[in-house]
Amino acid sequence: MRTIAITPRKRRLIAFYLFISPWLIGYLIFTLGPILASGWLSLTDFDGVSTPRYIGADNYKEIVHTDLFWKSLWVTIYYTLGHVPLSVVGALCLAVLLNQKIPGLSLWRTIFYLPVVTSGVAVALLWSWIFQPSYGLINIFLFEVFGIQGPGWFFAENWAVPAFIIMSLWGVGGPMLIYLAGLQGIPTALYESAEMDGANAFRRFWHITLPMITPVLFFNTVMSLIASFQVFTPAFVITKGGPNYASYFYVLYLYQNAFENFRMGYASALAWILFVLILLVTIVMFRWQRKWVHYESVR
Amino acid sequence: METFSTNLHKRSIPIGRLSSKKLQNTVLRTLCTAVVAVGALFVLAPIVWMLSTSLKNEGSVLLMPPQGIPHPLQWRNYADALDFMDGGLVFGNTLFIVVLSIIGQLIASTLAGFGFARIQVPGREVLFILVLTGFMLPVQVTLIPQFVLFSRLGWIDTYYPLIVPEFMGAPFFIFLARQFFLTLPAEMDEAARMDGCGYFGIYWRIILPMSKPLLGIIAIQTFMHAWNDFLRPLIFLHTSTKYTVALTLQNFTADYGMTPWHLLMAATLMALLPCIALFFLAQRFFIQGIVISGVKG
């Protein structure tokens, strides 16, 4: 009897590829293949069924001459400019407060984190009821407490995006939790010696907490930037982009072109533009971080 | 050295200054608590409002000023909402997808994670970077070609597009699994190999039993994601009897005509309940994230 000799090295190699094969096959079929296909499709006229017809850069040319593209891009940037700073700074403030020795700490943390585990359609519907102009909680609150007649929120062109921004802040517990983990990693000795030197609470925050937390601040900023470029479900469920395209988010535009108008070539071009935009913003953030993010040199 | 000198300083503080500092701290702490409490009120208000609306009748939803605690409490709304959205079917559909997704992710992500953490081969790092590129990529880029692929396979309006990719693992979970496995001591692999275990034996008998926190995190996050997923079911499912909870909920108002807020809030609350319940049951998995622990026994 002859057995084929398998060296331990070969065995390792075979085992490794067997172990990662589900991922590797999935990566080729569901990620790498589609990326390449999407790049090709963006250069074609394609309805999803018939053979794609190569049209060069026509999709891209059409996109930059379409008002709706610029409108949807602006809506997305407007939302991002509101959502990112508010949630990043708000979450930090909250985390600092919840890092103090106040009574009921774990209860508070649980409450603030609770909305994070909810998401999607249910949350969108909940908020469309909260913002309902005549019977919703917010306008009732504004009227009963301050005597103010609240705006039409999702029904008003000027208030739709602000309503989405306010709604997004409900999830502030997500970044808050990441800050808390970071805050707990700051050595207490730093605070103790600062206190000895007579630094008050504000100065301790400004000169110790803030510099020490910048890596987390940076992480949360990048993550929420990327996410806010991809908002879809709340807009689709609550406003469908209205009124008068006031909340016509970029991905909504992409979705409607791909799956309602079946302009899949055009939509692929939109997807690539989104991809490049996200990539550019991320690269800019990484460049910019050298100026303000403080990394401990030795770990 | 640092702590030593700090301790010395602490001891030398005069009593008077200490108590004024104490007072200042108490004031500050009270202020913090007040701010946090007000914030918590704002966070909880939507949930309380949803609960309150869900127990009202059609008329009292529109009462001004609104009733905080509805009178009478109309528990029937929950049964009505379930009835209207064909709840048994829809929740069953969603659960089916969720359970299979969890199984798929648990298997595929830990297998790949084990390969990347425990089997040393050339080229491993390059492949791992490929894994990492997966979570930079916006889903929109791959969505259209995937749709074309699935429609060529005849998978549109079936659960395959929602389930099969889950059996390929997810970049984030593979990353998590690798990080976790790296914290487990390598000597255990050696010992197991002495006893005649192959790689799969090590994975199955040694590593997995020690990785319960990791498995918990993957299962819970997959549950949350699959339960709430909207875009993919929206694109891939067309027949309403195959709908998930999220899809049905989205069509609730359209099917009903004008918005029945009391029923809609009852339905919404039921849709959120599994996630909220899971959160309270398994809070430590959410809060502590990954506790990378060595061998404890």
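Helices here are DSSP runs of at least four residues, numbered from the N terminus. The model is predicted.

**Exercise 1.** Determine in which helix Ala40(B) lies, and whether this residue is buried, partly exposed or exposed.

*Solution.* Step 1: Ala40(B) belongs to helix H2 of chain B, which covers residues 15–54. Step 2: within 10 Å of Ala40(B) there are 19 other C-beta atoms. Step 3: a buried residue needs 20 or more such atoms, and an exposed one has 12 or fewer. Ala40(B) is therefore partly exposed.

**Exercise 2.** Identify the residues in contact with Ala40(B), leaving aside its neighbours within four places in sequence.

*Solution.* With those neighbours set aside, the contacts of Ala40(B) are Trp108(A), Ile111(A) and Phe112(A). As for Ile119(B), 79 residues from Ala40(B) along the chain, the C-alpha atoms of the two are 48 Å apart.

**Exercise 3.** Describe how helices H3(A) and H12(A) are arranged, and classify the residues of their contact.

*Solution.* Step 1: two packed helices are described by the angle and the distance between their axes. Step 2: the axes of H3(A), residues 67–97, and H12(A), residues 250–260, come within 7 Å and cross at roughly 140°. Step 3: this angle makes H3(A) oblique to H12(A). Step 4: Leu68(A), Phe69(A), Ser72(A), Leu73(A) and Thr76(A) in H3(A) meet Tyr250(A), Leu252(A) and Tyr253(A) in H12(A). Step 5: this contact comprises six nonpolar residues, two polar residues and no charged ones.

**Exercise 4.** State which residues of H6(A) are buried, and which residue follows the helix.

*Solution.* Step 1: in H6(A), residues 137–146, the buried residues include Leu137(A), Ile138(A) and Asn139(A). Step 2: Gly147(A) follows H6(A), and its phi is positive, near 70°.

Notes:
Residues numbered from 1 in each chain as written. Chains lettered and ligands numbered in written order. Predicted model: local features only at pLDDT ≥ 70, side-chain atom pairs only at ≥ 80, totals over all residues. Helix = DSSP H or I, 4+ residues; strand = E, 2+ residues; numbered from the N terminus. Contact = placed C-beta atoms within 7 Å. Axes fitted to C-alpha atoms, helices over the stretch in contact; angles between N-to-C directions. Parallel < 35°, antiparallel > 145°, perpendicular 65-115°, else oblique. Nonpolar A, V, L, I, M, F, W, Y, C, P; charged D, E, K, R; others polar.
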